[in-house]
Amino acid sequence: MSLQQFISQAISPWMKKEGPNSDIVLSSRVRLARNIQNVPFPMLAATEELSALSDKINTHYSRQSHHRFGTIELLKTEDMKQNEKRVLVEKHLISPALSDESRAGAVLLSEDESLSVMINEEDHIRIQCLLSGFQLTEALKLANEVDDWLEDKLDFAFDEKRGYLTSCPTNVGTGLRASVMMHLPALVITRQMNRILPAVNQLGLVVRGIYGEGSEAQGNLFQISNQITLGKTEEDIVQDLQSVVLQLIQQERAARKTLMEQSRIQMEDRVYRSYGVLAYSRTMESKEATKRLSDVRLGIDMGIIKDVSANILNELMILIQPGFLQQYAGEVLSPEQRDHRRAMLIRDRLHLETKKNN
Amino acid sequence: MLCQECKERQATLHFTKIINGEKTEIHICDVCAKEKGEHIPGSKSFSIHQLLSGLLDFDQTVSPVHSTGHTPSREALSCPSCSMTYEKFAKVGRFGCAECYKAFQSKLDPIFKRIHSGNVVHGGKVPKRIGQDLHLHKEIEKLKQELKVLIAKEEFEQAAELRDRIRSLEKSLAEKKEG
Ligand SMILES: [Zn+2]
Ligand SMILES: [Zn+2]
């Protein structure tokens, strides 16, 4: 398979559509946690009860057409190979917990992969809508529609006082987790993140580096999400997050402008050095790759690099992960082999760009 | 605020732990939270639950000053539906089933208050089909609020329309109860 073909199959169709403010916000996600009446939560339920639920959802919702998402299909985790599950995790369509630990786990997936409904994860049902760029309210709207659609045939555990009942007390009420993935390199370079993070925390929001690996955000990517799920309406929760994200967008833009005005040469040097490393390295760890990709993406957004497409960061962040590298190679790879393959894939990807533009 | 474990990174999780009436503030970063979480076998991806369990596992017995001599016994709460005990819930940080919410009802308000910034009552969406009556009640409440605003603004024409809508909703709610 050619790289071009591989990319077009590997990247979720929703990612290819450029969303609003996509120079800073990579994606918006809304998740709703739901459970079924009279069935214990997955942690305690018998495997037969969980299978029965998965079968019921299969019967009513698999291969069904949804007016907003098109055809929706149910995939069972037990039918998937290890690396297929890993690839779904890397695409954020299922969680590591569903991939590794679930009994009777399954996922309802829409064709464009903007909708994924996890079944028998920590809760019976977790509806997730993913959109590119800054589209939180749209994502909430879609998730709500799917929620209504599912509620038509499923009796959700709901209590007038506590709302939607969830396995973990941190999700009770709305069951809503709204999050936004942001690329904030200029705020990191200008050392403003240290000042901003505690303030954002105080507003009841959580900031994480991607995958929560360490506090140092890989590739200057930050996921910002709500912490409180009880006592507020879904719209208010999303609104609160929205207004903080808007402020961060403004501050990041201002910081980029300042950097270009005050240290243009240093910025150009940083961006082109990273571009050079990506274009010529023979082996590369994922940590360095994400850092360099962040620089190049910043270079594209600031107009320093003109002939590379802007979604290269989003794309390569997905492609350079172990599952995808192995999928592309068609074999299991050791960490050293992965570093080698990663460097190769990035070089090939950049080469595709130059070919496209000549 | 710096994380109290590593004293290096920004603390991102903050909570109050009460043991024997003594309040301790905990401020910890994601990394340390994760490390702590990894000490429980089989819970590697749920570090948050270990932190939560610290939060849930507070002893609500009276402080020694007020005790009247006998040792206060810890209530043996358990869920009739899934047999989850309160003690286990406090340890794993997760409910066993929807009924647990009722079984542990007496202990939940302070916990939710801590997790959800003082909130204990749901204020969001109500499921359409199951919560139809609830839905009507809420809708009527909302419209009544709007009606007040309209009357205050002396927009009587709109207010009259709204009043009619409220009446018809109240009627359909009453009919449902009878049917
Ligand atoms: Zn720490
Ligand atoms: Zn229970």
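## Polar contacts and salt bridges between the chains

In this predicted model, 18 residue pairs are in polar contact across the interface of chain B and chain A, both residues at pLDDT 80 or more. A polar contact is a pair of N or O atoms within 3.5 Å; within protein, one must be able to donate a hydrogen and the other to accept it, and residues adjacent in sequence count only if both atoms are side-chain atoms. Five salt bridges are counted between chain B and chain A, the term denoting a side-chain nitrogen of Lys or Arg within 4 Å of a carboxyl oxygen of Asp or Glu. B:Asp109 and A:Arg162 form a salt bridge through their side chains, at 2.8 Å from N to O.

## Composition of the chain B side

The elements giving two or more residues to the side of chain B that touches chain A are β1 (13–19), α1 (30–37), α2 (47–56), α3 (86–92) and α5 (105–115) of chain B; helices (H or I, at least four residues) and strands (E, at least two) are DSSP runs, numbered from the N terminus. The most is given by α5(B), with five residues. The residues on this side of chain B comprise 22 nonpolar, 14 polar and 10 charged. Here Ala, Val, Leu, Ile, Met, Phe, Trp, Tyr, Cys and Pro count as nonpolar, Asp, Glu, Lys and Arg as charged, and the others, Gly among them, as polar.

## Basis of the values

Residues are numbered from 1 along each chain as its sequence is written, while chains are lettered from A and ligands numbered from 1 in the order in which they are written. Local features of this predicted model need pLDDT of at least 70, side-chain atom pairs count only at pLDDT 80 or more, and totals for chains, interfaces and linings use all residues, whereas side-chain values use heavy atoms, with hydrogens and water left out.
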